[in-house]
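These are my notebook entries on one structure, kept in the order in which I looked things up. The structure is shown first.

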Amino acid sequence: MTRILHRSIAAALPRAVSGQGVHIGDAEGRSYIDGSGGAAVSCLGHGNAEILEAMRGQMDRIAYAHTSFFTTDAAESLAERLVGLAPEGLDYVYLVSGGSEAVEAALKMARQYFVEIGQPQRRHIIARRQSYHGNTIGALAAGGNAWRRAQFQPILPETHHVSPCYAYRDQREGETTEDYAARLAAELEARILELGSDQVIAFVAEPVVGATLGAVPAVPGYFRRIREVCDRYGVLLILDEVMCGMGRTGSIFACSAEGVRPDLITIAKGLGAGYQPIGAVMLSRDIYRAFADGSGLFQHGHTYIGHPVAAAAADKVVEILSRPGMMEHVQAMGERLQSGLDAALGQSPHVGDIRGRGLFRGIELVADKDNKTPFDPARRIHARIKKEAMARGLLCYPMGGTIDGVHGDHVLLAPPYIVQPDEIDQIVDRLAGAIATVTAE
Ligand code: PMP
């Protein structure tokens, strides 16, 4: 008997009762390897004594102080650390309680920035199709996942969408990577001009697409071209690193690998590593100055922003993430995961693509590999793989849905960064077994 409204109402879920390292235990005594860190959240595994100690210390000192009265050592220390690790010029931090809140805050910050600098006519947000930026109204509107948006469409604010950078399906036969990136940048430019060269507030994108496509990095050079287009029309670039940030792809900020400096970055998930709900927006010096020299007030806020216990947990998380060797370990384990998946699944007639960066890997399942034909959505391949994997003691993150007429079944892997080689091999074995069973049925 449950009185919780679960996401899938009818699902009978096991009760999680323990977590240690990369493992979660349920009330029936079963143990699972947390191969997806929940939804790419638990980046340092479960039961981390240092993070728990940092939270306890903060709770003993003070558990809550409203941000209209106080700042705290924990919040200041966290902000200092993040600024030290972020691309140059992203010098300020706005704390929130999760990913959707971070995206909402970034969108409002971008809009208010233009009001502050005397360009109040700017009113359009452009994002990409097949993207996910959160489930609150503004973030859902920014997202371009037709299935998630469909029933809420009438109450979503207007946003505009261009193509994602999705080489597996969209790079044309014979088209070079440079030409593909240039084509996508030209599409963005055309959309900006259509809306009015001085009418657009921001372009929003994930450096590595997570929840809708399954760990799809952009092709090299794509973000540099996008940055140029944004600069040409004074459009802010918001990079959503809620899922791919905080070391997930092998660098603390995913955009560091792209060589671009966005105006705003949203982070969450790995920031609290599952120990506390926390997210943040990192903003450029210019945006900060516009607020400081203008109204002196960012017209936003929630009761729990900057929560001291969440900030203390995240401060310890970021300190651990920045220790020597940590990102190298993520890269090495990521390579092992990719080559293990390539070896175990590369020849499968139903595995179309295996991709990703660092410990963020996605597998796209297809009915016919040669034509990249998706499975019939009614077969719910992704959901069945999740179930089969759980039966084998593996948690992986399934995604499926019909997006712009194209159905996709994907599985996302995002294990904790403390994962060891033998655990990577177990993840690969169990997932390959689950995929073989489901696709053979
Ligand atoms: N942006 C991205 C890129 C995400 O992956 C998610 C969550 N999957 C969100 C925003 C929303 O974050 P949250 O679920 O913490 O609100």
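Predicted model: local features only at pLDDT ≥ 70, side-chain atom pairs only at ≥ 80, totals over all residues.

**Entry 1**

Residues are numbered from 1 along each chain as its sequence is written.

I recorded the terms used here: helices (H or I, at least four residues) and strands (E, at least two) are DSSP runs, numbered from the N terminus. Two strands pair if DSSP finds at least two bridges between them.

I found strand E2 (residues 23-26) joined to strand E3 (residues 31-34) by 3 bridges, in the antiparallel sense. The two form a hairpin with 4 residues between them, and Gly29 in the turn has a positive phi of about 90°.

**Entry 2**

I then asked in what order the strands of the open sheet lie. The order is E4-E12-E11-E10-E7-E5-E6, with mixed pairing. The edge strands, each pairing on one side only, are strand E4 (92-96) and strand E6 (160-162). Neighbouring strands of this sheet are turned by 20° against each other on average, direction ignored. For angles, axes are lines fitted to C-alpha atoms, for helices over the stretch in contact, and angles run from 0 to 180 degrees between N-to-C directions.

I followed the pairing from E4. E4 and strand E12 (residues 279-283) run antiparallel and are joined by 5 bridges; Tyr94 has Val281 as its bridge partner in E12. Helix H8 (residues 177-195) packs on the sheet and touches strand E5 (124-128), E6 and strand E7 (200-205), its direction making about 155° with that of E6. Helix H9 (residues 222-232) also packs on the sheet, touching E7 and strand E10 (236-240), and its direction makes about 145° with that of E10. I took contact to mean that the C-beta atoms of two residues, placed from the backbone, lie within 7 Å.

E11 pairs with E12 in the antiparallel sense over 4 bridges, and Ile265 has Met282 as its bridge partner in E12. E10 and E11 pair in the parallel sense over 3 bridges, with Leu264 in E11 as the bridge partner of Ile238.

Which residues of strand E11 (residues 264-267) point which way? Leu264 and Thr266 point one way, Ile265 and Ile267 the other way, and all are buried. A residue is buried if 20 or more other C-beta atoms lie within 10 Å of its own, exposed if 12 or fewer, and partly exposed in between, with C-beta atoms placed from the backbone.

I looked up Lys269, which has a positive phi of about 30° although it is not a glycine. Lys269 lies in the loop between E11 and E12 and counts as buried because it has 28 C-beta neighbours inside 10 Å. Ala40 is likewise not a glycine and has a positive phi of about 60°. Ala40 is found in helix H1, and its 25 C-beta neighbours inside 10 Å make it buried.

**Entry 1. Ile305**

I located Ile305 in the loop between helix H10 (285-293) and helix H11 (308-321). Is Ile305 buried or exposed? It is buried, because 22 other C-beta atoms lie within 10 Å. Leaving aside neighbours within four places in sequence, Ile305 is in contact with Thr67, Leu95, Val96 and Ser97.

**Entry 2. Domains**

The domain assignment, automatic or from a database, gives domain 1 (16-47 + 324-440) and domain 2 (52-321). Their C-alpha centres lie 25 Å apart. I noted 34 residues of domain 1 in contact with 32 residues of domain 2. Among the elements giving two or more residues to the domain 1 side are helix H1 (37-40) and helix H12 (326-345).

**Entry 3. The ligand**

Finally, I asked which residues come nearest to the ligand. Of the 15 residues around it, they are Gly98, Gly99, Ser100, Val242 and Met243; a residue is near if its C-beta atom, placed from the backbone, lies within 6 Å. Helix H4 (residues 99-116) gives the most to this shell, with 3 residues.
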